[in-house]
Amino acid sequence: ELESALKRDPGMDKEYFRKLCYDLLNMLAKYRNSDGLLEDLPGWNFVEWSKCNTWTNDVNYPTNFLYSRILKAVGNIYGDDALLDQCAQVRKATVRLSFDGQLFEDNAVRGEDGKIKGSLALMTRRVPGIGRTLMYGCRGPVCDLDDRETFAQLLEGAKALAKKYKSYVIKLDPDVPSSNTAFAALMQSFGFRCKEGGKNFEAIQPRYVFRLNVEGKTEEELMASFHQKWRYNIRLAERKGVTVQICGKEMVPAFADLMLTTGVRDGFVTRKPEYFANMLDNLGEHARLYMAFDPDGTPIAGTLAIHYGDKVWYLYGASSNEHRNLMPNYLLQWRMIQWAVETGCRIYDFRGVSGNVSEDNPLYGLFRFKQGFGGDFTEFVGEEDLVLSPVIYWAVEHGTSVFKDVRKAVYLIKNRDKK
């Protein structure tokens, strides 16, 4: 607020506020942990708009993001480089500890030994017209999958938030393979039901993916593991003059336009440019926008990938209707795999494919493309629902299906000129 006020009125005496600002920072300093983050605040926090305000004990990540912003503001106002360095450290540590590759976790819980033993990122989405919300934990929880006690603690926290925000369901889709029947039984014992559905992309997150193990492997070894035709296409793209660049937000409009073309061609709804720009802003060095250009410098394909922990994920891909004979998509995949190798990752995740591997399936081409890079076909336990209001759950689930179909039809008609 002070930083904004000084911009509006440069004549304001900033020295009047110096002691107040530094007294606040000194008071907060006693709550900093070994990572430089605020921990165990005394029953309050800064983030009045956050759904995680129920949690003040342990480490509250949204509070720490705002703490880093306060450090930056005071540092800018008073030219304090030490505070600006501290801001960068707090922000980097918060991203490192809270970002699970897809969503930011709200809170971390410590065990009796002081170590964090589990975490669950939760978000809510309001359902129009009924005053209820859907509560969703993407790829959560993050904990020892055999630790029933920790899972129970995390679930109790989720239930408390669900009550507060009038959620009709708590929906999880854990990063756990379907072969782990013990975990599936654990979920069932807590009242979760596996949402049955098709084998395509009916769930929020894909149930079927390809994952390539890159741990300890050289680029030469990985290239040799690809199907012969895939190796040929990668080299063909380079021989034909296709170049791949890591781009900034200046190329987001071109990427979003390619996404629109791809969505209309393949029949799915795409994101707006602002969404991709926000990803690059918020994820910083953890996100990369790769763009492929033809020999004339025209963008003909692009991908957006993220790196976190021991994985690189391929999240979005797009290509034009022209120049597909130049094989830019093969070269783009290879560049993202190289990023996984460079960063010492264990896994390169190609993300979703259909679980219906019949050649008659319209999505078989996507399956075949990703399969050719030699990854492992992986099935997760699926989307698990803890139903809190059965009547509303039934109505929303059926209504959502109709809404998605109508939205898709309108979208494709509106953008049919992109075919």
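My entries follow, topic by topic.

**Aromatic pairs**

I am working with a predicted model. I searched the whole structure for aromatic pairs and got 24 of them.

I looked up F151 and F183 to begin with. Their ring centres are 6.4 Å apart and the planes sit at 85°, so I logged the pair as edge-to-face; the cut-off for that label is over 60 degrees. Where do F151 and F183 lie? F151 is in helix α5 (residues 148-164) and F183 in helix α6 (residues 181-189), so the pair ties together parts 32 residues apart in sequence. I checked accessibility too: F151 comes out at 3% and F183 at 2%. Buried means under 20%, so F151 counts as buried, and F183 is buried as well.

Y208 belongs to strand β9 (residues 208-213) and F377 to strand β15 (residues 376-379), so I have a link between distant parts of the chain, 169 residues apart. Buried or partly exposed, for Y208 and for F377? Y208 is buried at 7% relative accessible area, whereas F377 is partly exposed at 39%.

**Arginines over rings**

I then asked which rings have an arginine over the face. R139 sits over the face of F380, 4.4 Å from the ring centre. R271 does likewise over Y275, at 4.1 Å from the ring centre.

I placed R139 in the loop between β5 and β6, and it is buried, with 9% relative accessible area.

P141 is in that stretch too, in the loop between β5 (132-137) and β6 (142-143). The peptide bond joining G140 and P141 is cis, with omega about 0°.

M327 also went on my list, with a positive phi near 60° in a residue other than glycine. I found M327 in the loop between β13 (311-319) and α11 (328-342). M327 is partly exposed, at 22% relative accessible area.

**Helix α8**

Does the length of α8 agree with its residue count, or disagree? At 1.5 Å a residue, the twelve residues of α8 (residues 228-239) should span 16 Å, and the end C-alpha atoms are 17 Å apart, which agrees.

Which residues of α8 are buried? I got W230, N233, I234, L236 and A237. Looking down the axis of α8, I see these buried residues fall within an arc of 160°, so they line one face of the helix.

What do the buried residues of α8 pack against? I noted α7 (219-225), α11 and α12 (364-371).

Last entry: just after α8, I found G241 with a positive phi of about 90°.

Notes
Residues are numbered from 1 along each chain as its sequence is written. This is a predicted model: local features need pLDDT of at least 70, side-chain atom pairs count only at pLDDT 80 or more; totals for chains, interfaces and linings use all residues. Side-chain values use heavy atoms; hydrogens and water are left out. Rings of Phe, Tyr and Trp (its six-membered ring) pair if their centres lie within 6.5 Å; planes under 30 degrees apart count as stacked, over 60 as edge-to-face and the rest as tilted. Helices (H or I, at least four residues) and strands (E, at least two) are DSSP runs, numbered from the N terminus. Buried means under 20% relative accessible area, exposed over 50%, partly exposed in between (1.4 Å probe, protein chains only). A charge sits over a ring if NZ of Lys or CZ of Arg is within 6 Å of the ring centre and within 35 degrees of the ring normal. The expected span of a helix is 1.5 Å times one less than its number of residues. The arc is that of the directions from the helix axis to the C-beta atoms. Contact means heavy atoms within 4.5 Å.
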